[in-house]
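Here are a few exercises to work through with the model open beside you. Try each one yourself before reading the solution.

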Amino acid sequence: VDVDLSLDFLDFSPGTIDPARSACLPYGYVEDEAHRMILHRRIAEAVALREVRALRAELADRYGRLPGPVERLLRVTELRVAAAQKQLGRIETRENKAYLYRARERSPLLHRGHLPVLKGKDADARLASLLQAVQAL
């Protein structure tokens with residue numbers, strides 16, 4: 001799945017200061033660096049929603065209840081898979097607007113003549129809104 005994501009409301013760093021904006025495998029959740037790298041690779045290589053569901057179940061079984069940053073990372077992966085299924089090559093967010101681009105196109109797709117607007121103030125609501133916009137294409 002080759003979809004470029006630039007989401008201004010999320011921080012993908014495991015050492016982030018704000019866990020409410022974080023989408024990652026935190027150091028405290030997967031402490032072993034080698035395992036964290038393997039999991040990152042598996043998450044990046046997911047091409048179907050069933051793979052994401054399997055990863056979610058495996059993480060919960062192996063490391064315990066998924067913290068918000070891990071759940072967000074898996075939701076981003078679901079977004080990437082859904083975008084690829086809709087033949088999108090890039091997704092950007094700036095402020096409350098979503099810019100959805102087909103592969104090799106320069107102009108963003110419009111929904112009813114407008115850019116999709118992200119609903120909600122927190123990262124989870126915005127991510128859900130973005131996924132809904134992609135699925136509506």
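## Exercise 1: the length of a helix

Check whether the span of helix α3 (residues 68-85) agrees with 1.5 Å a residue.

*Solution.* The expected span of a helix is 1.5 Å times one less than its number of residues. With 18 residues, α3 should therefore span 26 Å, and its end C-alpha atoms are 26 Å apart, so the two agree. Helices (H or I, at least four residues) and strands (E, at least two) are DSSP runs, numbered from the N terminus.

Before going on, a word on the source: this is a predicted model, where local features need pLDDT of at least 70, side-chain atom pairs count only at pLDDT 80 or more, and totals for chains, interfaces and linings use all residues. Residues are numbered from 1 along each chain as its sequence is written, and side-chain values use heavy atoms, with hydrogens and water left out.

## Exercise 2: the surroundings of α3

Work out how many residues of α3 are buried, and how α1 and α3 are oriented to each other.

*Solution.*
1. Buried means under 20% relative accessible area, exposed over 50%, and partly exposed in between (1.4 Å probe, protein chains only).
2. In α3, 13 of the 18 residues are buried, so the helix is largely enclosed by the rest of the structure.
3. Helix α1 (residues 33-45) packs against α3 at about 30 degrees, with the axes 9 Å apart. Axes are lines fitted to C-alpha atoms, for helices over the stretch in contact, and angles run from 0 to 180 degrees between N-to-C directions.
4. Angles under 35 degrees count as roughly parallel, over 145 as roughly antiparallel, 65 to 115 as roughly perpendicular and the rest as oblique; α1 and α3 are therefore roughly parallel.
5. On the α1 side, H40, I43 and A44 make the contact (heavy atoms within 4.5 Å), meeting L73, L74, T77 and R80 of α3.

## Exercise 3: an aromatic pair

Find which residues form the aromatic pair, and what the pair ties together.

*Solution.*
1. Rings of Phe, Tyr and Trp (its six-membered ring) pair if their centres lie within 6.5 Å; planes under 30 degrees apart count as stacked, over 60 as edge-to-face and the rest as tilted.
2. A search of the whole structure gives 1 pair: Y29 and Y63, tilted, at 5.7 Å centre to centre and 50 degrees between the planes.
3. Y29 lies in the loop between β1 (4-7) and α1, and Y63 in helix α2 (residues 49-63), so the pair ties together parts 34 residues apart in sequence.
4. Y29 is buried at 12% relative accessibility, whereas Y63 is partly exposed at 24%.
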